[in-house]
Amino acid sequence: MTKSETMPASGELGLLAPEHTADLPAGAASRTVTRVDLAEAVYRCVGLSRKESAMLVQAVLDELAGALTGGDNVKLSSFGRFIVRDKPERVGRNPKTGIAVPITQRRVMSFKPSSVLKARINGQAAADENT
């Protein structure tokens with residue numbers, strides 16, 4: 001049994017609601033999927049109560065946030081990677097006045113989609129489901 005046979009696609013979870021996309025121009029972002037939408041999808045597909053579904057979604061998000069806050073990278077197979085990196089202190093310039101302004105060191109997070117997700121976004125079949 002392959003991963004695609006065991007894991008429902010986002011459309012099967014009810015996250016791709018066509019009624020929200022019908023009146024948008026081509027190429028426009030459809031809508032924002034919220035925490036409530038995720039909890040509702042878990043409720044419909046898994047069969048947990050609405051409260052338990054919301055708690056499950058919150059627990060997953062807390063786990064992800066905790067890992068990222070601790071400086072760990074998060075990789076979700078067939079979805080992508082959340083990467084945390086440190087940026088050193090540097091000198092920036094005010095573009096209007098040209099005055100040098102110190103920019104303090106900080107940590108930034110970036111997201112790199114997997115090739116599977118990129119292929120799905122572009123309407124192509126992905127060659128490897130394990131990326």
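Biologist: Is F111 buried, partly exposed or exposed in this model?

Modeller: The model is predicted, and the answer rests on the computed accessibility of the residue. F111 has a relative accessibility of 33%. A residue is buried under 20% and exposed over 50%. The value for F111 lies in between, so F111 counts as partly exposed.

Biologist: How are the rings of F82 and F111 arranged: stacked, edge-to-face or tilted?

Modeller: The ring centres of F82 and F111 are 4.9 Å apart, and the planes stand at 45°. Stacked would need an angle under 30 degrees and edge-to-face one over 60.

Biologist: How many residues apart are F82 and F111?

Modeller: F82 is in strand β2, while F111 is in strand β5. The pair links distant parts of the chain, and the separation is 29 residues.

Biologist: Is F82 buried or exposed?

Modeller: The relative accessibility of F82 is 18%. The cut-off for buried is under 20%, so F82 counts as buried.

Biologist: How many aromatic pairs are there, and which residues form the aromatic cluster?

Modeller: The count comes to two aromatic pairs. In one of them, the rings of F79 and F111 have centres 5.4 Å apart and planes at 50°, so this pair is tilted. It too links distant parts of the chain, with F79 in the loop between β1 and β2 and F111 in strand β5, 32 residues apart. The aromatic cluster consists of F79, F82 and F111.

Biologist: Where does F79 stand on accessibility: buried, partly exposed or exposed?

Modeller: F79 has 37% relative accessibility. With the limits at 20% and 50%, F79 counts as partly exposed.

Biologist: Which strands stand at the edges of the three-stranded sheet?

Modeller: The sheet is open, its order is β1-β2-β5 and its pairing is antiparallel. Each edge strand has a single partner, so one side of each is left without a neighbour in the sheet. The edge strands are β1 (74–76) and β5 (106–113).

Biologist: By what angle are neighbouring strands of this sheet turned against each other on average?

Modeller: The angle is taken with direction ignored. For neighbouring strands of this sheet, the average is 20°.

Biologist: Which residue of β5 stands opposite G80?

Modeller: Strand β2 covers residues 80–87 and runs antiparallel to β5, with eight bridges joining the two. G80 belongs to that range, and the residue opposite G80 in β5 is P113.

Biologist: What is the bridge partner of R90 in β4?

Modeller: Strand β3 (residues 90–93) pairs with strand β4 (residues 100–103) in the antiparallel sense, over four bridges. The two form a hairpin with six residues between them, and G98 in the turn has a positive phi of about 80°. In β4, the partner of R90 is I103.

Biologist: Which residue lies over the face of Y43?

Modeller: The distance to the ring centre is 4.0 Å. The residue over the face of Y43 is R50.

Biologist: What share of the residues in the chain is buried?

Modeller: The chain has four helices and five strands, in the pattern α-α-α-β-β-β-β-β-α. It exposes about 9900 Å², with 57% supplied by carbon and sulfur atoms. Of the 131 residues, the buried share is 15%.

Key: Residues numbered from 1 in each chain as written. Predicted model: local features only at pLDDT ≥ 70, side-chain atom pairs only at ≥ 80, totals over all residues. Heavy atoms only, no water. Pairing = 2+ DSSP bridges. Axes fitted to C-alpha atoms, helices over the stretch in contact; angles between N-to-C directions. Phe/Tyr/Trp six-rings, centres within 6.5 Å; stacked < 30°, edge-to-face > 60°. Buried < 20%, exposed > 50% of the residue type's maximum accessible area, 1.4 Å probe, protein only. Lys NZ or Arg CZ within 6 Å of the ring centre and 35° of its normal. Areas by Shrake-Rupley, 256 points an atom, 1.4 Å probe, with all protein chains shown as cover.
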